[in-house]
Amino acid sequence: MDKQNETRRVMMTLSDQAIAKLDHLVAEKQRELNQNPELAKYNLRLNKSNILEAWLSHQ
């Protein structure tokens, strides 16, 4: 299974509480990116899939 399909599968099985925590983590990491001048210039955007793919790749 490729990363994108695995990410979709995991997203479908998350509870509402887990999704809320993931949303909070995305917002927190986005704030960190925006506050780092070296990274902010690239206008990077995080989303739940980015976070999940990174997490799954470390499992």
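Asp23 is partly exposed, because its relative accessible area is 36%. That value lies between the limits of under 20% for buried and over 50% for exposed. This is a predicted model.

Asp23 forms a salt bridge with Lys48. The closest N and O atoms of the two are 3.2 Å apart. The pair links distant parts of the chain. Asp23 belongs to helix α2 and Lys48 to helix α4, and 25 residues separate them. Lys48 is also partly exposed, with a relative accessible area of 26%.

## The chain as a whole

The chain has 59 residues, and 15% of them count as buried. Its secondary structure consists of 4 helices and 0 strands. From the N terminus, the order of elements is α-α-α-α.

The C-alpha atoms fill a box of roughly 35 × 25 × 15 Å along the principal axes. The accessible surface of the chain is about 4,700 Å². Carbon and sulfur atoms account for 53% of that surface. Contacts reach along the chain as well: of those between residues at least 6 apart in sequence, 53% join residues at least 24 apart.

## Helix α2

Helix α2 covers residues 16-35, which makes 20 residues.

Leu22, Val26, Gln30 and Leu33 are buried in α2. They sit on the same side of the helix, because they cover an arc of only 75 degrees around the axis. The buried residues of α2 pack against α1 (3-13), α3 and α4. Which exposed residues does the face turned away from the buried side of α2 carry? That face has Gln17, Lys21 and Gln35.

Ala27 also has its place in helix α2. Its relative accessible area is 34%, so Ala27 is partly exposed. The C-alpha atom of Ala27 lies 8.2 Å from that of Leu46. Along the chain, these two are 19 residues apart.

## Helix α4

Which residues of α4 are buried? They are Ile51, Leu52 and Leu56. Seen down the helix axis, these residues fall within an arc of 130 degrees, so they line one face of α4. The buried residues of α4 pack against α1 and α2.

## Other salt bridges

Side chains of opposite charge can pair when their charged atoms come close. The count of salt bridges here comes to 3. Asp23 and Lys48 make one of them.

Glu32 and Lys29 make another, at 3.6 Å from N to O. Both residues are in helix α2. They are 3 residues apart, which means that about one helical turn separates them. Glu32 is partly exposed, at a relative accessible area of 41%. Lys29 counts as partly exposed too, at 32% relative accessibility.

Glu38 also forms a salt bridge, with Lys41. The closest N and O atoms of this pair are 3.6 Å apart. Are these residues buried or exposed? Glu38 is exposed, and Lys41 is exposed as well.

## The loop between α3 and α4

Helix α3 spans residues 37-40 and helix α4 spans residues 48-57. Tyr42 is found in the loop between them. Tyr42 counts as exposed, because its relative accessibility is 53%. Together with Leu39 and Leu44, Tyr42 forms a nonpolar patch on the surface. The three residues have about 280 Å² of accessible area together.

Asn43 is found in the loop between α3 and α4 too. Its relative accessible area is 53%, so Asn43 is exposed. What is the phi of Asn43? The angle is positive, at about 55 degrees, although Asn43 is not a glycine. Most residues other than glycine have a negative phi.

Methods:
Residues numbered from 1 in each chain as written. Predicted model: local features only at pLDDT ≥ 70, side-chain atom pairs only at ≥ 80, totals over all residues. Heavy atoms only, no water. Patch = residues over 30% accessible without salt bridge, like charges linked within 9 Å, V, L, I, M, F, W, Y side chains within 5 Å. Areas by Shrake-Rupley, 256 points an atom, 1.4 Å probe, with all protein chains shown as cover. Salt bridge = Lys/Arg side-chain N within 4 Å of Asp/Glu carboxyl O. Helix = DSSP H or I, 4+ residues; strand = E, 2+ residues; numbered from the N terminus. Buried < 20%, exposed > 50% of the residue type's maximum accessible area, 1.4 Å probe, protein only. Expected span 1.5 Å × (residues − 1). Arc of directions from axis to C-beta. Contact = heavy atoms within 4.5 Å.
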